[in-house]
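Please keep the sequence and the model in view while reading.

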Amino acid sequence: MAGSGKAHLRPAGQTLLRAEDLTVEFPVGTTGQVVHAVSGISIDLVEGETLGLVGESGCGKSTTGKAMMQVPRPTAGSVSLDGAELTTLDDETLRRTRPVLQMIFQDPISALNPRRTVRDIIGEPLMIWWEEEEGRPPTSIWFEWFGRLFQWVAGSITRPLRYVAPLAAVALALWIISEAAEERRFESQLAWLDVPARIIGFPVLAVVLAIVAVLLVLGLVWLALAIVVPFGVVSKVLGRVPAAVGLAGAGSALAIAVFMVWRTWNSLGGYPALAVRGLLIAVAVAVGVWFVASLLDPSRAGASGIAGALVGVAALELFYIAGLDGIPKLLVLLAAVALNVGLYRVVSRQLRARREELRARAEPRVREMLEVVGINPDNALDRKPYEFSGGQAQRLSIARALIMNPKVIICDEPVSALDVSVQAQILNLLEDMKARYGLTLVFIAHDLAVVKNVSDRVAVMYLGKICEVANPDALYAGPAHPYSELLLSAIPHPDPLLDARVSQVAADLPSPIAPPSGCRFRTRCPKAEDRCATDEPEIQRIGDDHYVACHFPNLEPVDEPVAVSRGAGA
Amino acid sequence: MTAVEPVAAPDGRDERPVLQVENLRTEFATPAGPLVAVDGVSFSLDRGKALGIVGESGSGKSVTARSVMRLLPKSNVSSTGRVLLNGVDVMGMSDAELRAIWGPEVSMVFQDPLGSLNPVMRIGQQVAEGLRVHHGVSKKEARDTALTLLRSVGIPSPEARIDEYPHQLSGGMRQRVVIAIALACGPKLLIADEPTTALDVTVQAQILDLLQDQQRDRFMPLILITHDLGVVAGRTDEVIVMYAGRIMERAPTTVLFRDMRMPYTEALFRSIPKIEYPSHTRLAIIPGRPPNMVDPPQGCKFADRCRYAQERCVEEEPELTPASRADHVYRCFYPVGTPEGDEALARNRASGRVDGDGELVHLAAPSGG
């Protein structure tokens with residue numbers, strides 16, 4: 001394939017981050033077609049080096065950067081960090097390597113959560129990590145577990161219910177209308193409707209009753225919500241949205257399910273009904289014990305919060321057996337709600353205390369990082385990202401990436417959305433950070449002048465392939481690949497006496513769904529010949545740390561053995 | 001092809017400037033008080049010329065263009081001054097009159113091509129819309145003209161593309177469609193507001209070439225707004241550098257780049273990473289941020305970020321002064337490349353405000369003593 005080959009790779013022992021035969025493909029809807037975003041490229045980084053990845057939109061440079069981060073995981077190929085293979089790691093182990101491998105995105109404002117303060121945005125990675133290391137409180141684990149389970153249960157129960165409720169209301173209204181039409185009077189349990197029906201007429205009454213029926217159904221939903229909302233709030237404190245949704249749905253589903261079982265068995269009577277009642281009572285007792293225990297030990301309050309709902313429902317059964325109904329039953333329901341609210345307080349207080357403790361612990365480090373990137377922490381800590389200019393927000397992104405002491409940072413077009421003057425500030429800052437923390441950087445950009453400024457080695461990409469890999473000064477002095485030449489000619493020169501026009505025909509990129517055969521650049525290449533359509537050029541060495549994938553490079557290939565890498569870029 | 005050579009107007013053409021802006025001032029009402037986004041901007045633009053307006057975000061360049069177009073909302077904006085478009089005052093026009101000039105007289109290309117196209121309308125219709133409204137041509141005729149326009153802005157096989165939707169096109173192609181729309185009614189003035197900022201360098205070069213071709217072929221004046229001095233360098237006849245809503249320097253492009261006087265222009269120029277520099281060259285930066293225009297500083301607005309600034313700059317705002325030639329004006333007491341400027345820089349270096357590399361160390365403006 002175009003631009004394959006590994007001539008430019010350095011010995012495995014010397015490299016920190018290494019991608020080999022990296023391929024990323026995205027399916028096009030359900031058409032069975034595939035976008036060949038990155039097609040078998042190999043690239044490596046020595047510790048302390050900055051690799052510039054440069055090319056037009058759609059050349060696969062960002063996808064390469066993200067595939068190194070394993071978001072998404074590459075379709076094929078290997079990525080190794082410090083000798084450890086990343087592509088085969090399971091999700092949890094991969095997550096544990098994240099502090100080492102960080103990323104900075106193009107648009108700083110949208111990369112930062114607008115509803116959170118700078119203190120939390122920058123400190124969060126640290127706080128999450130501390131929580132991981134010291135073990136999360138059991139509460140949140142339980143919540144996550146229950147959240148997942150109940151989300152599934154709630155989903156399978158409430159989805160049909162949504163359709164059943166309005167249908168039931170309509171059926172009830174139809175039934176009343178047909179009764180009224182046939183007999184013109186109401187008997188038995190509907191006799192009380194006779195008088196209003198005479199006064200307002202049957203059709204109007206039918207409509208009113210239909211509305212009442214709908215409201216009753218809604219009322220049940222609200223009652224269920226009243227029991228369940230506290231769970232939702234607790235989960236919100238935990239910041240876990242799926243759990244919140246799951247628990248909210250779960251509570252209502254649970255209440256409805258138990259209610260239905262109870263009704264069914266009740267109507268059957270006999271031994272089965274007794275068995276169910278016995279079971280429910282047993283559950284109620286067990287859960288009650290659990291519940292009281294949890295009040296004594298708040299760390300278990302989360303799990304027993306669910307139990308609170310069960311207590312409420314099961315207790316209903318006890319009351320039923322005891323022959324209680326009406327007001328006492330209502331009181332039990334209210335008690336269940338009150339208990340939930342109480343639990344919410346206990347749990348949230350505990351979680352908030354934990355978060356405050358972590359936040360206080362993180363603060364000195366957050367302040368330090370802000371100062372390092374040139375932002376005054378006293379003014380910034382409690383502000384939100386949109387209160388900052390684009391350049392300052394990019395500084396915040398850098399601070400967030402740095403707080404975990406990463407080895408490698410992947411910078412995806414970090415200055416493309418910024419003004420020229422601000423761009424210079426951010427480029428200088430990245431250079432300072434690299435020197436100060438010994439970082440290894442992957443710098444992705446479409447502007448060769450910017451890439452040249454920060455890079456120790458530049459890889460030019462086109463349509464998912466590597467065209468040229470070189471030391472930036474060598475690349476600019478003599479671009480060997482026609483595409484590098486095109487990119488160079490497109491840079492706006494701040495000199496009115498230079499010819500500003502692009503010398504080459506610069507057409508659009510071919511579709512990555514069906515990339516050209518042979519060399520992928522041949523459709524735009526001024527030098528293309530027949531051979532370019534059939535043979536794919538391999539990467540070959542043409543000078544000291546200068547490699548090109550082209551059949552007709554501007555420089556002649558050299559056949560000497562590959563020179564030893566230049567080591568860490570200084 | 002270097003800077004655009006002045007093209008002689010064909011005989012019988014109106015020789016008055018197409019656009020004359022006099023003392024334009026635009027204020028936004030904000031909760032914190034009136035924000036003067038554009039203050040006392042005057043310039044004129046002749047037929048067939050290209051004017052570049054350069055400045056950082058918030059310098060007032062886009063607001064200037066929108067004030068000229070009268071595109072700003074009426075509720076919280078007040079614009080004063082005179083804007084003459086072919087001798088007609090735009091400032092006093094009613095909404096109906098404005099709608100009549102948007103398209104045939106003046107049109108605009110915006111930064112984000114996806115945001116300025118209607119996502120649910122075929123591109124051919126969008127190009128033809130203005131023709132149908134302003135020139136009252138038939139649907140068939142409008143479609144034919146749209147085809148010609150799409151071809152002239154370099155869209156390959158326009159017959160196939162004309163019925164596509166914006167999302168089916170690449171960023172560069174979309175911007176070409178936006179340009180076709182702007183050119184549809186044959187405007188007498190085209191304003192391009194950061195037309196390439198959202199695009200790749202290669203596509204940027206193509207779009208700028210296209211604008212330049214159209215500007216020459218149609219003998220149409222063009223205002224090119226950008227934050228990048230590199231973009232205006234080979235493609236405009238004259239450049240205005242704006243900062244804090246003011247014109248800081250105005251000069252013919254070749255003169256500006258050869259003989260810039262304004263420290264702000266110099267700072268913008270120095271911050272561009274140049275391809276000739278070896279890698280890891282430390283870039284000169286403009287420290288700090290533009291001033292808060294609700295409560296702007298008293299003296300020169302650039303003083304606190306300027307490496308030449310002296311006490312006088314903080315107390316007194318310089319007027320636009322002509323340099324060696326009348327069409328080159330700047331707003332500075334200690335201009336770059338003059339004995340005064342060199343002396344000011346030397347003084348700042350001695351006081352430690354500027355370091356050995358000529359970079360500003362202390363952000364605060366020089367104070368008395």
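## The sheet of chain B

In this predicted model, four strands of chain B form an open sheet in the order 2-1-4-5, and the pairing is antiparallel. Strand 2 (33-45) and strand 5 (88-89) of chain B stand at the edges; each has a single partner strand, so one side of each is left without a neighbour in the sheet.

Strand 1 (residues 19-30) of chain B pairs with strand 2 of chain B in the antiparallel sense, over nine bridges. Thr30(B) has Gly33(B), in strand 2 of chain B, as its bridge partner.

## Two helices of chain B

The axes of helix 4 (residues 123-135) and helix 7 (residues 171-183) of chain B come within 7 Å and cross at roughly 25°. Helix 4 and helix 7 of chain B are therefore roughly parallel to each other. The crossing of helix 4 of chain B past helix 7 of chain B is right-handed.

On helix 4 of chain B, the contact is made by Ile123(B), Gln126(B), Val127(B) and Gly130(B); on helix 7 of chain B, by Val177(B), Ala180(B) and Ile181(B). Five of the residues in this contact between helix 4 and helix 7 of chain B are nonpolar, two are polar and none is charged.

## Confidence in chain A

Chain A has a mean pLDDT of 73, and 57% of its residues reach 70 or more. In residues 184-189 of chain A the pLDDT is below 50, and this stretch has six contacts in the model beyond near neighbours in sequence. The pLDDT is also below 50 over residues 225-250 of chain A, a stretch with 71 contacts in the model beyond near neighbours in sequence. Where pLDDT is low, predicted coordinates should not be read in detail.

Notes:
Residues numbered from 1 in each chain as written. Chains lettered and ligands numbered in written order. Predicted model: local features only at pLDDT ≥ 70, side-chain atom pairs only at ≥ 80, totals over all residues. Axes fitted to C-alpha atoms, helices over the stretch in contact; angles between N-to-C directions. Parallel < 35°, antiparallel > 145°, perpendicular 65-115°, else oblique. Left-handed = near helix turned anticlockwise from the far one by under 90°. Contact = placed C-beta atoms within 7 Å. Nonpolar A, V, L, I, M, F, W, Y, C, P; charged D, E, K, R; others polar. Pairing = 2+ DSSP bridges. pLDDT = per-residue confidence, 0-100.
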